[in-house]
Amino acid sequence: MARAEQVLVLEPQHELKFRGPFTDVVTATLKLTNPTDRNVCFKVKTTAPRRYCVRPNSGVIDAGTSIVVSVMLQPFEYDPNEKSKHKFMVQSMLAPFDMTDMEGVWKEAKPEELMDSKLRCTFEMPLENDKTNEHTMLPKSSSASLDDGEVKKIMEECKRLQMEVQRLREENKQIRDDDGLRKRKVASVAASHSSTMVTSSMRDEGLSTRVLALCVLFFVIGVIIGKLAL
């Protein structure tokens, strides 16, 4: 069954443009408008999750309202000959009237209830004339500077979370390695203990044999002495 037509209005509709230089965080905005009389749940997904930080990346848009999504591209080495293959998808569905758990709603959603729109990403470097014009422009307003500061804080938080995930992965690997080493030590101790028991058993058997031989020898000597006495 074909999916339902997207009810959200996207601005831009088909393309997210990121304008360099890309030595710092570059932000593009995506406006989502809900023109219906129902609340709409949405998610924003990307084919390159490690390269972007999206805020908010999911939520609910009330009927007749809009929301602005900030898509932040992390710094990278720009190659003008490399064509961007990154894509974004905005997935949505009408929110149930009795919704209490949004994650549960997504998990239980039927395919025919889901709507989606796709956008491609493009990277652009400013021309020399544009750079000159940027230097002659008036300083940014305090609100714009505040937005940039918030963007940097969000990016720093994303990096911190990525480092935390990496640290947890390394700790998990170390725990597995330690557990393997412990098992090998236990096996080695068990083998050593088994070898000790075998050696002890062999010693006991050798001692019993020598005692028996001595007893036989004493018996023979006793018989010989008895005959001589007669």
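I started with the pairing of β2 and β9. Strand β2 and strand β9 (residues 115–124) run parallel and share five bridges. I count two strands as paired if DSSP finds at least two bridges between them. Helices (H or I, at least four residues) and strands (E, at least two) are DSSP runs, numbered from the N terminus. In this pair Arg19 sits opposite Glu124 of β9.

**Ground rules.** This is a predicted model, in which local features need pLDDT of at least 70, side-chain atom pairs count only at pLDDT 80 or more, and totals for chains, interfaces and linings use all residues. I number residues from 1 along each chain as its sequence is written, and side-chain values use heavy atoms, with hydrogens and water left out.

**Overall layout.** I find three helices and nine strands in the protein chain. Read from the N terminus, the order is β-β-β-β-β-β-β-β-α-β-α-α. Of the 230 residues in the protein chain, 23% are buried. My classes are buried under 20% relative accessible area, exposed over 50%, and partly exposed in between (1.4 Å probe, protein chains only). I then looked at contacts, meaning heavy atoms within 4.5 Å. Among contacts in the protein chain with a separation of 6 or more, 72% link residues 24 or more positions apart.

**The faces of β2.** Which residues of β2 are on the covered face? I find Leu16 and Phe18 there. The uncovered face of β2 has Glu15, Lys17 and Arg19. In a regular strand, side chains alternate between the two faces of the sheet.

**Phe18 and the cores.** I followed Phe18 next. Neighbours within four places in sequence aside, Phe18 contacts Val26, Ala28, Tyr52, Val71, Leu73, Cys121, Thr122, Phe123 and Glu124. Phe18 and Tyr52 have the most contacts inside the largest nonpolar core, which has 24 residues. I take such a core as a set of buried Ala, Val, Leu, Ile, Met, Phe, Trp, Tyr and Cys residues joined through side-chain atoms within 4.5 Å. At least two residues of this core come from each of β2, β3, β4, β5, β7, β8 (87–94) and β9. Strand β3 gives the most, with four residues. I also noted a second, separate core of seven residues, which includes Cys41, Val105, Trp106 and Leu114.

**Leu114.** I checked this member of the second core separately. Leu114 is in the loop between α1 (102–108) and β9. Buried or exposed? Leu114 counts as buried because its relative accessibility is 12%. Beyond neighbours within four places in sequence, Leu114 contacts Arg3, Ala4, Gln91, Ser92, Met93, Trp106 and Ala109. Leu114 and Ala4 are 110 residues apart along the chain, yet their C-alpha atoms are separated by 6.6 Å.

**His14.** His14 is in the loop between β1 (9–11) and β2. His14 is exposed, at 52% relative accessible area. Not counting residues up to four places away in sequence, His14 touches Lys118, Leu119 and Arg120.

**Partners of β7.** Strand β3 (residues 26–33) and strand β7 (residues 66–73) are antiparallel and joined by eight bridges. Strand β5 (residues 52–55) also runs antiparallel to β7, over four bridges.

**Cis peptide bonds.** I noted a cis bond from Arg55 to Pro56, with omega near -10°. Pro56 is in the loop between β5 and β6 (58–61). I noted another cis bond from Gly20 to Pro21, with omega near 5°. Pro21 is in the loop between β2 and β3.

**Second largest pocket.** I work on a 1 Å grid over the protein atoms alone; a pocket is an open set of points where a 1.4 Å probe fits, with protein on both sides within 12 Å along at least five of seven lines, and lining residues have an atom within 4 Å of a point. The second largest pocket has a volume of about 260 Å³. Its lining includes Tyr52, Cys53, Val54, Arg55, Cys158 and Gln162. Two or more lining residues come from each of β4 (40–46), β5 and α3 (142–229). Strand β5 gives the most to this lining, with four residues.

Notes: Points joined across faces, edges and corners; volume = space filled by probe spheres on them.
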